Amino acid sequence: MNNSSRKVWESPWGYPEGFIVATGVVLAGILLQLTSGKLNPDLYAYPVNIIIGALFVIGLLTIHFIYKKSRIVRWLSTVYSTLPAIALLLVLCIKLGLIPQLPVTADESQLPFDLFSYLGWYQMTTSWPFVLTCFYLLIILGFTTLRRTGRKQSWRDIGFYLNHLGLFIALLGGILGSADLERLTMTVSEGNVEWRGTTHRGDVVEMPLAIQLDSFIIEEYEPKLVLIDTQTGRILPDTRPESYMYEGIGKKTQLAGIYLEITDYLPHAAVFRDSIHSNIVPMQMEGAATALKVKATYESTAQPVEGWISNGSYIFPHSTLQVDENRSLAMPPQEVKRYSSHVTLYTDEGNTEKAVIEVNKPLSVNNWMIYQYSYDDSKGKYSDTSVFELVYDPWLKFIYIGIAMLLAGAIYLFVAGPKTDNLIEEKIVEERQSQS
Amino acid sequence: MTWDSFIYFSLGSLLLWGVSDISAYVSRKKIIPLLISTAGLILFGLFIAGLWISLERPPLRTMGETRLWYSFFLPLAGLLTYLRWDYKWILPFTTLLSAVFIIINITNPDIHNKALMPALQSPWFAPHVIIYMFSYALLGAVTLVAVYYLVKGEKLENTTKIMIMADNMVYAGIACVTLGMLMGALWAKEAWGHYWSWDPKETWAAATWLGYLIYIHYRLKKRSSNKTSMIILIIAFILLQICWYGVNYLPSAQQSIHTYS
Ligand code: HEM
């Protein structure tokens with residue numbers, strides 16, 4: 001692009017060579033994919049990934065110091081190789097974003113029998129073209145960063161190193177670390193101790209730690225009311241379903257054209273239903289349901305209807321209030337506000353620790369992180385079972401170093417802005433002068 | 001404060017922004033449009049604050065709520081661009097774009113209630129979304145610059161100055177996109193156990209990021225064509241639209257954990 005009289009492959013290399021080499025990387029990837037199938041992360045699990053990482057970095061350094069004058073190595077640290085490489089990754093990302101993906105762990109028998117499967121497009125992130133492209137970018141990133149150290153250093157270089165070295169560390173760490181990543185679930189019921197985890201394949205394995213569930217607590221939001229079509233069960237109005245969240249006894253509101261007044265509220269109720277009536281009484285017990293008493297008026301009906309509405313529980317049926325022939329008031333299940341597990345943790349080394357685990361507040365032990373994952377849905381807020389996810393990621397430190405550098409680099413970019421060359425300033429002055 | 005009063009606040013702000021845009025053309029001093037625009041921003045900001053208080057959670061969960069922030073940040077980005085680079089036309093354009101999002105919110109509000117699912121209850125939630133919305137506004141503004149450039153074509157004077165302005169806006173924009181994305185990664189580690197899962201939303205965020213990286217690196221060469229640069233900006237903005245709401249309509253998004261109704 002810079003000197004149009006130049007032929008392809010004639011030095012200095014530019015964008016055309018960049019696109020050709022990038023295409024070559026993809027073709028190599030496709031060949032590997034067709035001959036050897038998708039990349040199996042188990043193949044490069046510890047310690048192989050450490051060896052690959054070390055060899056890769058040492059290789060880059062060696063080549064840089066011996067061949068840094070070589071045209072190809074020099075070209076590999078320019079925008080001419082960078083742009084086609086980023087563009088290629090962008091194309092792969094777009095495909096990844098369009099084609100529904102199957103779990104990395106799904107094996108061939110679970111994939112559809114078509115061309116996309118052969119090319120690895122349903123498991124893009126473990127396909128050879130994707131991984132090779134990432135490594136190609138890493139090579140360019142590495143050489144670019146190394147070349148930069150040979151220049152007279154200025155303040156601007158700090159931003160450059162933060163962004164490029166940061167991305168190098170995060171990307172390399174992310175790829176290599178993915179092989180050592182382990183995710184298991186552990187289901188524990190109140191009062192019990194569990195030390196076995198279940199892998200995504202369904203294998204049960206013994207863990208280096210045990211969890212005792214002391215108590216499990218769910219907090220729910222206030223109950224909501226909706227108007228439903230009795231025939232279809234759909235929430236009205238069809239175009240934009242409305243709902244009303246309980247705000248206190250005596251409150252009046254309008255819901256999908258119906259006037260409502262909340263006349264009573266029972267957070268713990270028992271619901272008894274015979275063929276005609278629902279009978280609702282207060283009852284403090286496990287499995288009690290939430291109930292609201294409502295007076296509803298529909299403009300054309302002079303007589304308001306009044307009655308109890310409840311969303312039931314695993315013991316009691318739900319109960320709706322018929323407003324007219326086609327419409328009823330109902331209470332959907334309450335939304336969960338918080339759920340947390342109070343646990344006692346035992347580690348292999350004999351340590352004991354009490355902790356609270358909840359969503360967004362995982363517990364970290366050695367290289368393991370313990371997450372609040374789920375609970376017994378069928379029992380809702382009375383669940384006495386908690387499901388944890390245990391994640392092992394020994395490479396996390398690298399990722400965090402890379403992310404921290406990229407964060408600092410982004411702040412640097414925001415503050416410093418683009419490089420304003422003297423050349424550009426001169427050009428503006430020239431343009432101004434030619435205008436006046 | 002509830003959505004019922006949105007129409008008064010938003011139309012009030014739009015009126016102020018409109019007057020400010022006209023005053024930028026009429027008056028010689030920048031202080032007058034600055035003051036009127038700021039009044040509009042304060043009025044709109046009051047509504048957001050009031051909604052935040054009444055919902056007892058940051059209004060960032062639904063599409064309608066994020067559109068709210070976008071309508072706020074666009075005129076802000078336009079105002080800053082005007083103050084720094086003197087281009088008056090950016091003001092009416094950003095006001096107009098903001099008006100589009102306000103009208104969508106008036107005619108088609110989402111259901112808004114207080115419930116915030118546990119995964120969203122995190123200190124990362126507000127900075128992550130707000131910084132993304134700010135970057136979207138900035139990159140929306142620079143897309144207007146790109147379209148303006150391509151439409152005016154050869155007739156433009158002083159193209160170098162426009163390119164420098166675009167560079168500045170993209171650098172600030174990609175800085176915010178990077179911050180938003182990485183905060184998202186740190187949050188994902190806390191909430192879902194992994195910092196990056198190539199979920200459709202994440203994939204399109206990466207695609208958007210790569211799009212603007214292409215622009216930045218392409219611009220490093222003095223001989224690069226201005227027109228190509230502007231076309232890259234427009235493509236990158238299309239990727240951003242897919243990331244923001246387009247993913248919800250893609251077949252791949254059925255598996256996304258990042259779609260909240
Ligand atoms: C994807 C991998 C990347 C590659 C292969 C790459 C490659 C390059 C190359 C070859 C240069 C020219 C270096 C020179 O002339 O000394 C450069 C400069 C630059 N890159 Fe990147 N880059 C990448 C990622 C990034 C990222 C993530 C950012 C920021 C968010 C970034 C921002 C910049 C900036 C601002 C410059 C100009 C630096 C200056 O001269 O001050 N790059 N990059």
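Asn366(A) is exposed, with a relative accessible area of 58%. This residue of the predicted model sits in the loop between strand 15 (363-365) and strand 16 (368-375) of chain A. Asn366(A) has a positive phi of about 50°, although it is not a glycine.

**Backbone geometry**

- Glu56(B) also has a positive phi, near 60°, in a residue other than glycine.
- Glu56(B) is placed in the loop between helix 2 (31-55) and helix 3 (63-85) of chain B.
- Glu56(B) counts as exposed because its relative accessibility, 61%, is over the 50% cut-off.
- A cis peptide bond, with omega near 5°, runs from Tyr46(A) to Pro47(A).
- The loop that holds Pro47(A) lies between helix 1 (15-36) and helix 2 of chain A.
- The peptide bond from Leu236(A) to Pro237(A) is cis as well, with omega near -15°.
- Pro237(A) belongs to the loop between strand 4 (224-229) and strand 5 (244-245) of chain A.

**Buried serines and a buried histidine**

- Ser310(A) is part of strand 10 (residues 305-310) of chain A.
- With a relative accessible area of 1%, Ser310(A) is buried.
- A polar atom of the Ser310(A) side chain lies 2.8 Å from the backbone oxygen of Thr290(A).
- Beyond its neighbours within four places in sequence, Ser310(A) is in contact with Val271(A), Ile280(A), Ala289(A), Thr290(A), Ala291(A), His318(A), Ser319(A) and Met331(A).
- In chain B, Ser135(B) lies in helix 5.
- Ser135(B) has a relative accessible area of 0% and is therefore buried.
- Setting aside residues within four places in sequence, the contacts of Ser135(B) are Gly173(B), Cys176(B) and Val177(B).
- His64(A) is in helix 2 (residues 48-67) of chain A.
- His64(A) is buried because its relative accessible area, 4%, is under the 20% cut-off.
- Not counting residues up to four places away in sequence, His64(A) touches Phe143(A), Leu146(A) and Arg147(A).
- A distance of 31 Å separates the C-alpha atoms of His64(A) and Met124(A), which are 60 residues apart along the chain.

**Nonpolar cores**

- The largest nonpolar core has 136 residues, and those that touch the most other members are Tyr70(B), Tyr212(B) and Met230(B).
- Helix 5 (residues 125-152) of chain B gives the largest share of this core, 18 residues.
- Met230(B), leaving aside its neighbours within four places in sequence, is in contact with Val145(B), Ala146(B), Tyr149(B), Leu150(B), Ile162(B), Met163(B) and Ala166(B).
- Another core, of 24 residues, lies apart from the largest one, and its members include Leu209(A), Val336(A), Leu345(A) and Tyr375(A).

**Contact between chain B and chain A**

- Chain B brings 60 residues to the contact, and chain A brings 63 residues.
- The size of an interface is often given as the accessible area lost when the parts come together.
- For chain B and chain A the buried area is about 5,300 Å², with 70% of it from carbon and sulfur atoms.
- Tyr171(B), Lys189(B) and Tyr195(B) supply 11% of the area that chain B buries against chain A, more than any other three residues.
- How many salt bridges does the rule find across the interface of chain B and chain A? It finds zero.
- Eight residue pairs are found in polar contact across the interface of chain B and chain A, with both residues at pLDDT 80 or more.
- On the side of chain B that touches chain A, helix 6 (159-192) and helix 7 (200-218) of chain B each supply at least two residues.
- Helix 6 of chain B gives the most to that side, with 20 residues.
- Sorted by class, the side of chain B that touches chain A has 36 nonpolar, 16 polar and eight charged residues.

Technical notes. Residues numbered from 1 in each chain as written. Chains lettered and ligands numbered in written order. Heavy atoms only, no water. Core = buried A, V, L, I, M, F, W, Y, C linked by side-chain atoms within 4.5 Å. Buried < 20%, exposed > 50% of the residue type's maximum accessible area, 1.4 Å probe, protein only. Helix = DSSP H or I, 4+ residues; strand = E, 2+ residues; numbered from the N terminus. Contact = heavy atoms within 4.5 Å. Buried area = accessible area lost by both parts, 1.4 Å probe. Salt bridge = Lys/Arg side-chain N within 4 Å of Asp/Glu carboxyl O. Polar contact = N/O pair within 3.5 Å; in protein donor to acceptor, adjacent residues only side chain to side chain. Nonpolar A, V, L, I, M, F, W, Y, C, P; charged D, E, K, R; others polar.
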